[in-house]
Amino acid sequence: MFDRQAVMQEQDLAPPEALPMLSPEARRRQLKEKLIAWGVTAVAFTGIAALVLILVFVAKEALSLVTDAAAREEASFSKMFLPQLVRKGKPLAYVWQPVSGVPKVSMIPLFIGTLKTTAVSMLVAVPLGIFGALFAAEFAPRRLREVLKPTIELLAGIPSVVLGFFALMVMATFLQETFGFTSRLNAVVAGLGLALAIVPVIFTVTEDALTAVPRSYREASLALGATPWETAWKVVLPAAAPGILAACVLGFGRAIGETMIVLMASGNAAITSANLGDSVRSLSATIAAEMGEVVVGSPHYALLFFIGVELFLFTFVLNMLAGIWTKKVIQRLKGGAG
Amino acid sequence: MKKTLLSSLVALGLTVLPLAAQAGTVTVKGSDTMVILVQRWAEAFMKKNPSMKIQVTGGGSGTGLAALQNGTTDIAMSSREMKKAEEDKLKATAKAEPTGIAVARDGVTFYVNESNTLDALTVEQLKDIYLGDTTSWKAVGGADAPIVLYSRENSSGTYVFVKETVLAGEDFASAAQTLPGTAAVVNAVAKEKNGIGYGGAAFAKGIKELKVKKGNEAFAPSAQNVKSGKYPLSRDLFFYLRNKPAGDVKAFIDFALSAEGQAIVTQVGYFPVK
């Protein structure tokens, strides 16, 4: 997205020369062109409008956390983010128990849950996706590549509920027997299930970025005596860095928002711990699990929408940071080339 | 041909007459636990009596009983007995003689993996386990292994039932994994050697239904024990009315308590009272 834009800007043509007088037919054609341009612009803005409307709706539903006195009392920001007294005679803790005599609404266990599953999935999927793409783009014989690419892209077409089911039934048992986890469903199982969903995303976008690196780079590198591996690792990979980063950000966005796999394979217990073998409850799974029966307009309802706002903010900030970083890398690459 | 004409005339009469009289509508409101059951009753009842219209809405037992007091519902569904205060208020404000009728029974079953050596636990032990105070099977007389808790999502009626009857209103331990549906819990416990879960009655490979100890006796969650009330983790599900049932309301309640109505109770996953 952003890297492509940057590339387009780079290739911007020189300003067009002054136009000569036009025949009526040419004018008509010009008008037609304009109309088409307007149409395309309108379509583009529909997408933006949809995004804005969604955000406005979600934020509006969450707003009662600030405006409504009862909601402020039940789910204040200090209750969401600071440790609270949960049971008499026990130390303060972060607990998510929104349906209770005294609702406990700490976001911390949900943050930790999302963080753990996302971290596991990225740790697995990023190297797998990037090295897979590097192999496919640089080393694989043409015929193998023609099989490899569509196969991995097909993996992206598997519905997440199927991946979740696979993680729940097959991977969970296997991993528990191998690593001896106390709980069968945990952050590792959910993270690996997620990795299945995001490897194809990272692979596809990275592969595109690698193939887009000009042939002359490779030829120059090989001509200077570098081995194919050195060329791939030290020349092609850095040149494709912005595209690869975009791939990782896309994968991260999918991982943080993916609901079904996590809902099925994580066990959904809101535990505050650093142990990857513990069951986790993610932000997205919480919305999915609790939205069905929540009383519309209650503090709990507003809280679920607030989680939606948080998820949006995470991906938004990450996209922005990645965009800034990409620009920097492109600048550096241009400077180096000049 | 004649027959169809006749029957369609009868059907027409049945649909037009009540419309003219604005009768034949019964509203039922209350316990979310009972909504599905009463909805099924209403469907079956309306199929038999096309002139009747039964409207079923949830909102919780308290909401239903409040609606009964306001006169906005004919029947209140409640998964608990009416409180003394509610009864007095209803008597005072509405000059009514509230009547409660048990229409079905609700019971929760705890499951463990079939390899678990335990057969029975007390309600107190179950409470400690689900509060997170007891974390090893050894503490309740089992093997030296950690207990892995399975629970239901907080939107489930069973979740609320266990919270009220076993945990006395306290919160489940954070470590309890929440799964959607009894089937998911059964499946998880069947695969988890140290697991414990709860839900409706289930017959599946790999799990064992725990008996619940009361005094020196242990009771299995069988239909018989639930019906007689011997099984400790069971409760009545009530219909509350302002006065003695009469007319359309009586017809509906009679249907619910009939053999056909009680068969629906079993289908939905609860226990019959008759």
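Three bridges link strand β11 (residues 211–214) of chain B to β12(B), and the two run antiparallel. Strands here, like helices, are DSSP runs numbered from the N terminus (strands E, at least two residues; helices H or I, at least four). Within β12(B), Lys213(B) has Ala218(B) as its bridge partner.

Before going further, a word on the model: it is predicted, so local features need pLDDT of at least 70 and side-chain atom pairs count only at pLDDT 80 or more, while totals for chains, interfaces and linings use all residues. Residues are numbered from 1 along each chain as its sequence is written, and chains are lettered from A in the order in which they are written.

**The sheet in chain B**

β11 and β12 belong to an open, mixed sheet of three strands, ordered β6-β11-β12 in chain B. Strands count as paired if DSSP finds at least two bridges between them. At the edges, each pairing on one side only, are the two strands in this table.

| Edge strand | Residues |
|---|---|
| β6 of chain B | 120–122 |
| β12 of chain B | 217–219 |

On average, neighbouring strands of this sheet are turned by 40° against each other, direction ignored. Helix α5 (residues 123–131) of chain B packs on the sheet and touches β6 and β11 of chain B, with its direction at about 85° to that of β6(B). Touching means that C-beta atoms, placed from the backbone, lie within 7 Å.

**Domains of chain B**

Chain B splits into domain 1 (20–105 + 236–268) and domain 2 (109–228), with bounds from an automatic or database domain assignment. Taken over C-alpha atoms, the centres of these two domains of chain B are 31 Å apart.

**A helix pair in chain A**

Over in chain A, the axes of α10 (residues 215–223) and α11 (residues 228–239) come within 10 Å and cross at roughly 155°. Such axes are lines fitted to C-alpha atoms over the stretch in contact, with angles from 0 to 180 degrees between N-to-C directions. The crossing makes α10(A) roughly antiparallel to α11(A), a label for angles over 145 degrees. Among the residues that meet are Tyr217(A) and Leu222(A) from α10(A), and Val235(A) and Ala239(A) from α11(A).

**Where the chains meet**

The contact between the chains takes 15 residues from chain B and 22 residues from chain A. On chain B's side, β8 (177–179) and α7 (182–191) are the elements that give two or more residues.

Note on methods. Two residues are in contact if their C-beta atoms, placed from the backbone, lie within 7 Å. Angles under 35 degrees count as roughly parallel, over 145 as roughly antiparallel, 65 to 115 as roughly perpendicular and the rest as oblique.
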